[in-house]
Amino acid sequence: MSCNRALLCALGVLVSLTHALAEFVQDEKYETVSWRSIGPSRGGRAAAVAGIPGDPLTYYMGATGGGVWKTTNAGATWRNVTDDFLGTGSVGALAVAPSDSNVVYVGMGEPDVRGNFSHGDGVYKSVDAGKTWNHIGLGDSRQIGRIAVHPNNADLVYVAALGHVFGPNAQRGLYRSSDGGETWERILYVSDRAGAIDVRLDPFNPRVVYAAMWQVSRTPWSLSSGGEDCGLYKSTDGGDTWEELTNGLPDGIKGKINVAPSAARRNRVWAIVEADDGGVFRSDDAGQSWTRTNDDRALRQRAWYYTHIYADTQHADTVYVLNVRFHKSTDGGRTFSTIRVPHGDNHDLWIAPENNQRIVNSNDGGANVSFDGGQTWSRQDNQPTSQFYHVITDNSFPYRVLGAQQDNSTVSISSQNRPGRDDFHPVGGGESGYIAPRPDDPDIVFAGSYAGYLTRYDHRLGTTRTVTVWPDNPIGGGADRLKYRFQWTFPIVISPHDPDVVYVGGNMLFRSEDGGGSWEIISDDLTTDDKAKQRSSGGPITQDNTTVEYYCTIFSVAESPLEQGLIWVGTDDGLVHITEDAGDTWTEITPPDMGDWPLISLVEASPHDADTAYLAVNRYKMDDFRPYVYKTTDRGQSWDLIVDGIDDGAFVRAVREDPKHPGLLYAGTETGVYISYDAGEHWESLQLNLPIVPITDLVVKDDDLVVSTQGRSFWILDDITPLRQFDSGAAPQGVALFEPAVAYRQRWDSLRLHYHLPEDVELPIAIEIFDPDGGVTERFSSEKDEDAEPGTANPTISADAGMNAFNWNMRLRGPVRVPGAVGWPDTPPGPRVPPGRYTARLIVGEVHLEQPFEILPDPRLDTTPQEYRAQFDLLVEIRDTLTRAHRAVNSIRSITSQIDALVARAEKAELGEDIAETADAIKASLAKIEEQIIQTRSKSPQDPLNFPVMINDRIGAIANGVDGNYPPTAQSRQVFEYLSELLDEQLEALDAILDTEIPTFNQMVRELEIPAVILDRID
């Protein structure tokens, strides 16, 4: 248990390759595209939480894939504080220094190593309460179970490093740093098979340290928790020397252990131990002897995933155990009751030292705060940290994004969703499966889950029918006892040629042509069928069979969109097969030299060439984190490895080819998204503003790229049209205008124009929009229009060197406004143009470039082109009428201001007696007109509730009613004509004043010879 300090100091400064991604400088050509989170905001699994003594509002949460989140209002809202800083996304441990709450340590890599866990890249530290973070070492620790900080020294920190789960690892054990992470020394090591899972400091004496060592390993087909290297250890000198604690603890093989020294009674220590005779143990002599107080399986079920124990900070006999449920004992650990939490599967707990009623808990639904000991909790629908296994889109408008959320339901969510106002619903299935909506009827959705569960959901009826291929419940046993094997995420695919045909992958390929009412087998066993890989998973203490470890199964299926019956199949044990006759005959086409037991994560059949396909392959479950992407252009007779440019630690889960641009590829990896412009010869990052998070799947939908993540819900890269137009992946050097994506005429949509400018661009530049008849609809310039009337200036466009983008809201400029006016409703925007073919022209000096584009109607509506035109014409009339009204008001106010100035000068020159009387009469006439056109007494937003709106707001309200996607109603036209007549009466009255009274007044001014400037005499 001694340490090699030189070696371990070097490990302290190790920064993993994936960490370099956080510092990646994005190519300038991507400046006009960005990722958008669409949620859902329903929280995902969180492995770590921490609070601050004495601060009831501030807490941290570590999401398993989603980074670190912070709340400063006790969970009312959460915000991510580690984006742009972390090299991996999965958080395993959090600790706030008790002596300085600005110091926060984060250990990466979740320690609850379920089937879809993600690895980490060491330890990060913040010294400014989470504003910025620095990587401080232990990069190869992979999974970190706990961090403990000395109560009086923020630089003295202990890290329990579990290490690699899929293979032996030298950087296992307990580490200590006395200089805030600048250097590390390993102070407890057992073997390269067992790492540290827990570390706790005695609250009465921080030199007393408890640590638990756990021998755990996974293969693609098994999980093992426990072995001779597991044990509970204690140090009384801050970690320099250690003794193993055994007296009273279970003999023989032990598994996962957690420990919790009491802050309420000296020498009392709690432990929970995975063992055949395990359970909750208590020591009242600082670990020298132990007594089992409870062996209830509810507290130690699925021990490798749970086994969490926490001592109350104020009551010595109160102890908490986290498992599927949240357990609490108040009688010294003998009996436990349960506390209801917002979500099951509990993983961490922090209890305020000064108030044991203030706690924060994490579980498979996120984090939640309580101020009353768990009677009530903060919400979890404000944390967009969902974990999804796959993603698919449907053909709704706007399209929906669908996926299965880990430890929750399936999700169908609008592509226009914004986190915080979620618009989603489940579509059958369960937490782990593929989803397949019918392309011709998106209200019909097939969805799966583990154990081969499969449903057919009908959104119109709100009904779900179970159509499981082979409804034989497999839970609890190995795959070797089953007739058919279905993996945790077995594939479900609808034929692109016949929506009545559904394929499902088990160990054989199944097909249904009657909505799942019956199934036929269309292949032999397409796996290795290695019986040694199909035994019960778990042990040596606890078995665990959820179908995550079911092996020798089909993992991906793809039918060519170009050739019916051409089907590609990849398995989780490394085989690839093809059929060209819809399953009558099969040929193995496995790429050579992929290594042992590679997972064929996804097969992508090219949408451009039936002979071409791509494979996303990974071997991270063989402790190999390198990327593998393969390509064939001859139906699998030969394969090429195409990974140049993908980071060495970014193993690949998905690859897709752009359906509109041959050879344009997208890859989803453990640390982000990559793009290739040359069919995979070279790759580059497409991370942009997407946080570092595992990408589980991606799909191109129309002009968008949609991804599912393992910890940050769904994201969409809106409008990838410029990516399709980069020549060989390079931005143009000179002036360029890119062909715009098709735009749909919806209320809040816009058309995006991408353009490129050189360094020496001639200013100003301009963009003109031509209507279908060739007339100029609008003009936008990089130069501000200083002469525009109030409210009519178009926004300026950018003229920076490089890529630029301009969003046109598909509207003409709005009516003239009255500065400072308060309306109800506010002055309406300009008229939206009708659907049709338009043209954009970019003007840069002598260079004029044009691109046609189309504005399409909302396909859900039956509004005709003539009706759109009638709407547009009426909106133009309303705009022009409002402009007349507001120009009249602005003119009245200008005239009144000028009259007041003249009267003031006349009075100062002692010439004002006659002119003042005339001026007052004119102003009174003008005011009478103005007060009919606009409500002059409204000064604040809700004043119109007290002072009735006048003609202008009544006309404006019609515009808001006419705007939309339907033809104007007859009554809208009638009311508009009625109000126009009222306005005309006032404008005629104004014209009369301007034609008679104003000339008379001007003549009076001339006759009085009022000085332009009146000098004040200085004696």
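Me: How many bridges join β51 to strand β52 (residues 672–676)?
Reply: This is a predicted model, in which local features need pLDDT of at least 70, side-chain atom pairs count only at pLDDT 80 or more, and totals for chains, interfaces and linings use all residues. Residues are numbered from 1 along each chain as its sequence is written, and side-chain values use heavy atoms, without hydrogens and water. Strands here are DSSP runs of E with at least two residues, and helices are runs of H or I with at least four, numbered from the N terminus; two strands pair if DSSP finds at least two bridges between them. β51 and β52 run antiparallel, and the bridges joining them number five.

Me: Which residue of β52 is the bridge partner of Leu 665?
Reply: A hairpin of two residues connects β51 to β52. In β52, Leu 665 has as its bridge partner Ser 676.

Me: Which residue of β51 is the bridge partner of Val 655?
Reply: Strand β50 (residues 652–657) pairs with β51 in the antiparallel sense over five bridges. The partner of Val 655 in β51 is Ala 667.

Me: Which residue with a positive phi follows α6?
Reply: Helix α6 covers residues 951–962 and has twelve residues. Its phi is near 145 degrees, and the residue is Gly 964.

Note on methods
The expected span of a helix is 1.5 Å times one less than its number of residues.
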